[in-house]
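Subject: Structure handover

Hello,

Here is the structure I promised to pass on to you. Please open it alongside this note, and I will walk you through what turned up.

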Amino acid sequence: MPKQSAIPVVICEYHHEVLQYIHRSIASKKLSYANLKMVHLDSHPDLGFPKHLLAQDCYNKEVMYNNLEIADWILPLMYCGHLEKLIWLKPPWAEQIPNCTTFFVVGEDKDTKGLRVTCNEEYFLEDGLYTCSNQLNNSQNVVLQVCQTSDLINEIDEKEKLNEFTNAQSKKIKLDKACTYIRPIDGEKYILDIDLDYFSVTNPFLKDYTKEEYSRLRQIYNVSIPKDRSSEKHLSSFVKETQKKYQELENIIKAFAEDSHIEETNENKEMLIFLKKLKDRKCGEKIDWELVHAAGLTTELPHHISSEEKIFDLIQEMSLLLQKLPAPSLITIAREVALICQNFNLLQLLRLHLLKLLISIGRLLKQLSLPYLQLVL
């Protein structure tokens, strides 16, 4: 019986840093070039893309490695044809995208040359990434499945029961034990990707504002998502108007930061009042004004400091899932300590659980290696 190859495990601090190791695994043929699946356990979907980059930049690895951030690294894998199916397993507090299984297209916008998608979920509409299908070049068809880990475990269990029933009734059909979207078929391989903020997460902007200020910022940046999403034309118009609003807000912040004269209007009045009050409260303290705009764009980021008991429950749930899944071809882990919490004891607890999780994975899969281990726990 041939000896199975060890499964490489990559541990990085920031999530987008795993991209280069996925590229390496593809180049060395440890991962397939195309039709890959990824199981992504995270408090965030990580399906953004920088506005200043072009779709063609996805083929330039150095540009990707130097310009991407923690929420931007998955769509490039889809656009380049590597990743076909993403399963985002989210914790109970993550609400950026509702539970769904959706098929959509990733491609290059004919006008802007940027990366765009045809998925009309609120997440993509607000981020300005949505466009019509006929507006795309070099398109790739992809699948996104969003659910909680417990939902996927239940789905797998249901298929196992169906499999047992089928075998009892007939020997003609044998169904896959695991979910159709993640079980490798015909040689397909998948990536198991884990962000530690899956267990506990902070919104990093909350500490910079009072509760009243943050609520006000949310109101200023709020947009009304169309209830009817059946018209591509109407959705495209909404995206353009939303991006125009965000650009105007950014321009106001820049002008205010430079002490430029700003004529007050009905459109900018609320933002100017907010900025003046913020400056007064900070009382001469240096303010990173670019981060004010970033905070306004991301007021829906999840924030949930988990108890030790909750972290343990999530670890147990993940271990149960790993027992039911086939072995991955690559395991990527992002520590994201800055997004987990500021409590030292909880950080230590999460580090301990990371070590236990690696040991657990090693025992379950019985073939584990750490060739790219960069950080000491």
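Let's begin with strand β2, which is covered on both faces: Leu36, Met38 and His40 on one side, and Lys37, Val39 and Leu41 on the other, are all buried. Buried here means under 20% relative accessible area, exposed means over 50%, and partly exposed is in between, using a 1.4 Å probe and protein chains only. Strands (E, at least two residues) and helices (H or I, at least four) are DSSP runs numbered from the N terminus.

A word on the background before going further. This is a predicted model, in which local features need pLDDT of at least 70 and side-chain atom pairs count only at pLDDT 80 or more, while totals for chains, interfaces and linings use all residues. Residues are numbered from 1 along each chain as its sequence is written, and side-chain values use heavy atoms, with hydrogens and water left out.

Back to β2 and its partners. Two strands pair if DSSP finds at least two bridges between them. With strand β3 (residues 83-89), β2 pairs in the parallel sense over 6 bridges, and Lys37 stands opposite Lys85 there. Strand β7 (residues 190-195) also runs parallel to β2, joined by 5 bridges; Ile191 in β7 is the bridge partner of Met38.

Next, helix α8 (residues 269-282). The buried residues of α8 are Met271, Leu272, Phe274, Leu275, Leu278 and Lys282. Seen down the helix axis, these buried residues fall within an arc of 160 degrees, so they line one face of α8. That arc is taken from the directions from the helix axis to the C-beta atoms. The buried residues pack against α6 (211-221), α7 (232-257) and α9 (289-297), whereas the face turned away from the buried side carries the exposed residues Lys277 and Asp280. Just after α8, Cys283 takes a positive phi of about 50 degrees.

What is Glu232 in contact with, leaving aside its neighbours within four places in sequence? The residues are Tyr130, Cys132 and Ser133, where contact means heavy atoms within 4.5 Å. Glu232 lies in helix α7 and counts as partly exposed because its relative accessibility is 32%. In sequence, Glu232 and Ser133 are 99 residues apart, yet their C-alpha atoms are 8.4 Å apart in space.

Now the aromatic rings. A search of the whole structure finds 8 aromatic pairs. Rings of Phe, Tyr and Trp (its six-membered ring) pair if their centres lie within 6.5 Å; planes under 30 degrees apart count as stacked, over 60 as edge-to-face and the rest as tilted. One of the pairs is Phe104 with Phe124, which is tilted, at 5.9 Å centre to centre and 50 degrees between the planes. Both Phe104 and Phe124 are buried, and together with Tyr123 they form one aromatic cluster.

Finally, confidence. pLDDT is the predictor's confidence in each residue, from 0 to 100. The chain averages 85, and 82% of the residues score at least 70. Over residues 170-187, pLDDT stays under 50, as it does over residues 371-377.

Enjoy exploring!
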